[in-house]
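Dear colleague,

Here is the structure we spoke about, with its sequence. My notes on it follow below.

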Amino acid sequence: MSIIREHTSATLSDAWRTINIDALDPDSSVNFDTASLHPPQPEISEADVRQLTAQVRQLLRGGDAEGALRGCLETPVYNGSEQAREAALQTVVEVLQSIKASEMTPMLKSVYGSPGGSECLDVLMKYLYKGMAATSSASGGSAPRTPTRVTPQQTGFSQIGPRPGASSESTGAAMSVLLSWHEKVVEVAGLGCIGRVMTDWRRV
Amino acid sequence: MAAPEVHHLFHNPIADHSFSADHKTLAIARDTTVELYGRAGNAFKLQDELKGHDKTVTSIDIAPNSGRIVSCSQDRNALVWEPTPQGYKPTLVLLRINRAATFVRWSPSETKFAVGSGDRLIAVCYFEEENDWWVSKHLKKPIRSTVTTVAWHPNSVLLAAGSTDAHARVFSSFIKGVDARPEPTAWGERLPFNTVCGEYMNNSAGWVHSVAFSPSGDALAFAAHDSSITVVYPSAPEQPPKAVISISTQLLPFMSLIWNGEAEIIAAGYDCEAFRFRGGIEGWQLSGAVETKGRPGLGGQREESALNMFKQMDLKGKVKDDTQLKTVHQNTITMIRPYETSGDAVAKFSSSGVDGRIVIWNV
């Protein structure tokens with residue numbers, strides 16, 4: 001009798017239902033280590049990015065926009081702190097903004113045709129998507145500099161507040177630069193480029 | 001180049017297709033059944049339906065010499081269909097897997113077949129005389145995810161597999177008493193069961209959709225979801241490969257690829273048409289589409305007549321009918337296979353698509 005009572009009281013509690021049994025199975029897909037999906041990447045610090053930015057700015061001042069673009073795409077920050085990643089994105093956007101619309105396609109074609117160019121444009125596409133994510137989630141300000149999340153308005157109705165992204169002139173401008181580059185990159189590197197950004201585990 | 005032979009069988013996706021050696025029978029994996037079509041003049045007529053699976057049939061293969069058909073399905077089973085005078089007789093295979101079976105291929109020796117599965121393993125199946133039963137041995141390590149595709153080496157011992165963990169691997173599937181000891185190759189010399197002879201991944205690590213050994217067996221190609229194909233040239237057992245060449249394309253991903261000799265690969269997939277790659281150990285590149293576009297009768301001249309133009313405007317509200325793709329296949333190509341070969345070269349290959357078409361192409 002007592003055994004039965006103990007048994008029922010144990011089963012009455014349904015805490016056991018919430019145990020994630022997949023986490024306990026070492027072969028389970030939950031325990032799949034996605035780090036095995038790419039070779040180890042060298043860590044890039046914020047100081048390295050700053051140094052690169054200085055070099056890229058120098059190239060830009062010297063009028064070598066293509067060199068500057070290649071320079072910032074050849075060492076993507078696949079492994080680094082959030083600040084380093086943010087700084088690298090900032091550098092790429094800066095270079096993109098300084099290139100005239102008429103120069104975009106010839107420059108992309110020449111990068112694509114050069115050795116390792118396909119990889120470069122894949123990296124560029126990754127930065128474009130990262131830039132769009134940052135500008136659309138930033139609530140005004142000098143986005144993508146400040147990737148702060150949208151905080152709900154005091155009213156509790158976040159929809160009533162100004163739409164993120166549309167609120168500030170600079171965000172809109174940055175987005176339009178990214179969008180026009182996106183269009184040009186797809187023209188040159190094809191849809192395969194977008195597919196690679198989605199499949200690739202090396203995130204910028 | 002002669003026009004391709006197009007057979008629009010039905011409006012369902014074709015997961016996989018296989019021709020018999022004499023090209024008179026065509027087996028199609030359609031939904032939960034295997035349909036057998038027979039050639040009648042220029043068309044294919046439905047002859048038989050093999051019903052044995054109760055979930056979607058994922059893959060099918062006809063052994064060219066014995067005529068046995070093997071099919072596998074999401075119901076976790078594989079069936080071997082033995083041709084008898086009374087029709088095909090199914091035999092269940094003991095796969096021992098608890099996820100869907102995804103892909104099946106006969107070995108060139110036809111004494112074994114390999115079944116890839118969502119259970120992170122490959123079941124290598126062979127016939128056990130004393131039990132009168134198809135049994136299987138599992139290739140398990142180091143597969144980390146669903147096996148999407150397998151391909152046999154010409155020696156029937158080495159097996160290549162592609163998986164959703166982004167790796168293409170080469171295994172030994174040597175089974176004592178079934179296989180003769182294979183000649184040493186660049187992949188390995190001593191090959192006990194489940195020897196991993198190679199494990200490859202490309203930089204952007206997409207799911208592997210298709211793998212294939214070159215006709216000599218000394219190179220391996222695989223297509224991944226990052227719109228790339230990668231060719232691996234092994235050097236010697238336990239050594240890093242001589243060359244791993246990865247070509248990222250501007251196209252959509254490829255679902256299936258075949259070798260045409262040692263210097264050409266044909267791949268097809270989400271772009272609804274087949275493409276050629278040419279090269280060798282020093283490098284590979286995309287050399288163009290197999291299909292010649294703008295063939296007569298593909299819409300080009302129809303738009304010229306004014307009547308047709310107004311008809312289109314009236315019916316569809318626009319001048320141009322842009323609902324038709326310019327390619328023969330109107331949807332993703334799921335599988336391509338050699339149809340007619342001369343030596344190592346492929347003279348014709350067949351493709352099946354989500355649009356329910358089977359097309360036989362001249363290379």
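The largest nonpolar core in this predicted model has 42 residues. Those with the most contacts inside this core are L73(A), L96(A), L124(A), Y127(A), L128(A), W181(A) and V185(A). Two or more residues each come from α3 (46–61), α4 (65–74), α5 (82–98), α6 (101–113), α7 (117–137) and α8 (169–199) of chain A. Taking L73(A) as an example, and setting aside neighbours within four places in sequence, this residue contacts V92(A), C120(A), V123(A), L124(A) and Y127(A). Another core, of 19 residues, lies apart from the 42-residue one; A212(B), A223(B), I229(B) and I265(B) are among its members. In soluble globular proteins, nonpolar side chains tend to be buried together.

In chain B I looked at one residue in more detail. H7(B) sits in strand β1 (residues 5–8). Its relative accessibility is 6%, so H7(B) counts as buried, the cut-off being under 20%. The side chain of H7(B) makes a polar contact of 2.8 Å with that of E5(B). Beyond four places in sequence, H7(B) touches R39(B), N42(B), A43(B) and F44(B), and also G356(B), R357(B), I358(B) and I360(B).

Regards

Terms used
Residues are numbered from 1 along each chain as its sequence is written. Chains are lettered from A and ligands numbered from 1 in the order in which they are written. This is a predicted model: local features need pLDDT of at least 70, side-chain atom pairs count only at pLDDT 80 or more; totals for chains, interfaces and linings use all residues. Side-chain values use heavy atoms; hydrogens and water are left out. Helices (H or I, at least four residues) and strands (E, at least two) are DSSP runs, numbered from the N terminus. Buried means under 20% relative accessible area, exposed over 50%, partly exposed in between (1.4 Å probe, protein chains only). Contact means heavy atoms within 4.5 Å. A polar contact is a pair of N or O atoms within 3.5 Å; within protein, one must be able to donate a hydrogen and the other to accept it, and residues adjacent in sequence count only if both atoms are side-chain atoms. A nonpolar core is a set of buried Ala, Val, Leu, Ile, Met, Phe, Trp, Tyr and Cys residues joined through side-chain atoms within 4.5 Å.
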